[in-house]
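Good morning, colleagues. Please take a moment to look at the sequence and the model on the screen, and I shall then go through its parts in turn.

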Amino acid sequence: MLTGGPGILSTIGATPLVELVRLFPDSPIRVYAKLEGFNPAGSIKDRPALSMLGDLIRTGDLVPGESVVVESSSGNLGIGLAQVCRYYGLRFICVVDPRANKQNIGIMRALGAEVEMVTEPDRESGDYLPARVARVRDLTLTVPGAYWPNQYGNSLNALAHRTTMREIDEALPGSLDYLICSASSCGTLRGCADYIRAHRLPVEIVAVDALGSAIFDPSPPRVSRLLPGHGASTRPPLHTPDLADSVVHVGDLDCVTGCRRLAATEAILAGGSSGAVVSALDGLSHVIPDGSTCVMVLPDRGERYLSTIYNDAWVAENFGRVPRPHDLPANLPTDLPADLPTVSTMEKISCSS
């Protein structure tokens with residue numbers, strides 16, 4: 001994989017791990033968040049985007065002006081691939097469906113991607129994912145020089161996230177007890193699980209899936225989903241039976257509530273699957289032993305959800321009410337940095353300038 005060196009892609013990875021003391025202020029567990037929205041294109045998908053294309057670019061198997069990358073995405077991977085392809089001069093076609101928001105599509109196009117919209121869901125499953133993949137297969141067969149990274153079955157997707165888990169392991173001041181991570185292509189879960197088991201870490205892996213998803217449920221209920229990002233209508237090839245120790249299924253409203261709670265307490269504006277992870281941990285907090293250390297992987301930023309999750313009118317229209325996060329407790333810790341300038345210091349700075 002291409003790493004280091006000049007340019008924007010050298011900033012992929014090494015995202016912050018921060019302790020959250022306000023989200024569950026009275027809880028006897030310690031909670032950390034891996035903030036993947038700090039990647040340059042805004043999400044955890046930047047890692048596999050570079051991982052899946054990097055070596056092929058280096059070896060000359062993908063050639064600027066000749067090769068065409070074709071992939072299916074609900075948004076974040078499409079943006080990550082668009083950035084990598086733009087940087088290296090590769091043509092990129094992204095196949096999306098109506099659930100992809102306009103801002104994501106706009107970002108991809110701004111980075112030079114061509115966007116194809118699948119408008120009809122798969123007849124058998126009623127979901128768009130199989131229809132998107134079918135269109136990708138057609139394009140791969142008909143577009144000269146086309147290459148499909150296939151995030152759903154590409155081992156390099158998972159390999160990229162061994163680094164994600166290594167960063168978590170090395171950044172924690174102590175040992176990790178619970179990892180809470182959303183599932184879609186299963187790349188993040190698979191990579192983190194591989195690292196955990198290779199290093200024999202005593203970590204409980206909690207997968208967060210969408211209601212109606214088939215990743216962990218072979219016969220899921222038919223559920224109409226509004227928010228993309230986690231869950232899948234078919235089980236990805238990267239899935240393995242021992243991928244997670246436990247699974248929590250959450251609905252769209254849980255995602256909305258989790259996102260708004262995270263913003264209200266920690267001032268973190270995150271995306272839908274991050275809200276799913278927050279709601280999942282909230283539901284599990286009463287069964288997690290006191291003193292446990294938990295890490296939530298927060299996949300992306302929330303700016304791309306301003307017209308949905310953070311829009312009161314959209315939420316009220318789709319859920320009949322606008323969920324309000326828990327009232328901020330009166331005893332929120334005042335954990336200000338020790339070197340924060342005081343008023344008198346600021347006055348001196350102002351006077352000296």
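This is a predicted model: local features need pLDDT of at least 70, side-chain atom pairs count only at pLDDT 80 or more; totals for chains, interfaces and linings use all residues.

In helix 4, the buried residues are Leu129, Ala131, Arg132, Val133, Val136 and Leu139. An α-helix has 3.6 residues a turn, so residues three or four places apart point the same way. With that in mind, please look at the spacing of the buried positions, for instance Leu129, Arg132 and Val136. Against what do these buried residues of helix 4 pack? Their partners are strand 3, strand 4 (91–96), strand 5 (114–117) and strand 6 (146–147). As for the length of helix 4, it comprises 14 residues, 129–142, and at 1.5 Å a residue it should span 20 Å.

Strand 3 leads us to serine 67. This residue lies in the loop that joins helix 1 (46–59) to strand 3 (68–72). Is serine 67 buried or exposed? Its relative accessibility is 7%, and because the cut-off for buried is under 20%, serine 67 counts as buried. A polar atom of the serine 67 side chain lies 2.7 Å from the backbone nitrogen of valine 63. Beyond its neighbours within four places in sequence, serine 67 is in contact with Asp61, Leu62, Leu90, Arg91 and Gly145.

Six strands form an open sheet in the order 1-2-10-7-8-9, and their pairing is mixed. At the edges stand strand 1 (17–20) and strand 9, each of which pairs on one side only. On average, neighbouring strands of this sheet are turned by 25° against each other, direction ignored. Strand 1 and strand 2 are joined by four bridges in the antiparallel sense, and glutamate 19 stands opposite tyrosine 32 of strand 2.

Which helices lie across these strands? Helix 5, residues 155–171, lies across strand 1, strand 2, strand 7 and strand 10, and runs at about 140° to strand 2. Helix 7 lies across strand 1, strand 9 and strand 10, at about 95° to strand 9.

Next comes the nonpolar core. The largest one has 35 residues, and those with the most contacts inside it are Leu20, Ile180, Leu262, Leu281 and Met296. Among the elements that each supply at least two residues of this core are strand 2 (30–35), strand 7 (178–182), strand 8 (204–210), strand 10 (293–298), helix 7 (252–266) and helix 9 (312–319). Helix 8 gives the most, with six residues. Let us take isoleucine 180 as one example. Not counting residues up to four places away in sequence, isoleucine 180 touches Val206, Val208, Val277, Leu281, Cys294, Val295, Met296 and Val297.

Alanine 14, in the segment before strand 1, has a positive phi of about 55° although it is not a glycine. With a relative accessible area of 66%, alanine 14 is exposed. Arginine 200, in the loop between helix 6 (187–198) and strand 8, also is not a glycine and has a positive phi, near 50°. Its relative accessible area is 76%, so arginine 200 is exposed.

Definitions and conventions: Residues are numbered from 1 along each chain as its sequence is written. Side-chain values use heavy atoms; hydrogens and water are left out. Buried means under 20% relative accessible area, exposed over 50%, partly exposed in between (1.4 Å probe, protein chains only). A polar contact is a pair of N or O atoms within 3.5 Å; within protein, one must be able to donate a hydrogen and the other to accept it, and residues adjacent in sequence count only if both atoms are side-chain atoms. Contact means heavy atoms within 4.5 Å. The expected span of a helix is 1.5 Å times one less than its number of residues. A nonpolar core is a set of buried Ala, Val, Leu, Ile, Met, Phe, Trp, Tyr and Cys residues joined through side-chain atoms within 4.5 Å. Two strands pair if DSSP finds at least two bridges between them. Axes are lines fitted to C-alpha atoms, for helices over the stretch in contact, and angles run from 0 to 180 degrees between N-to-C directions.
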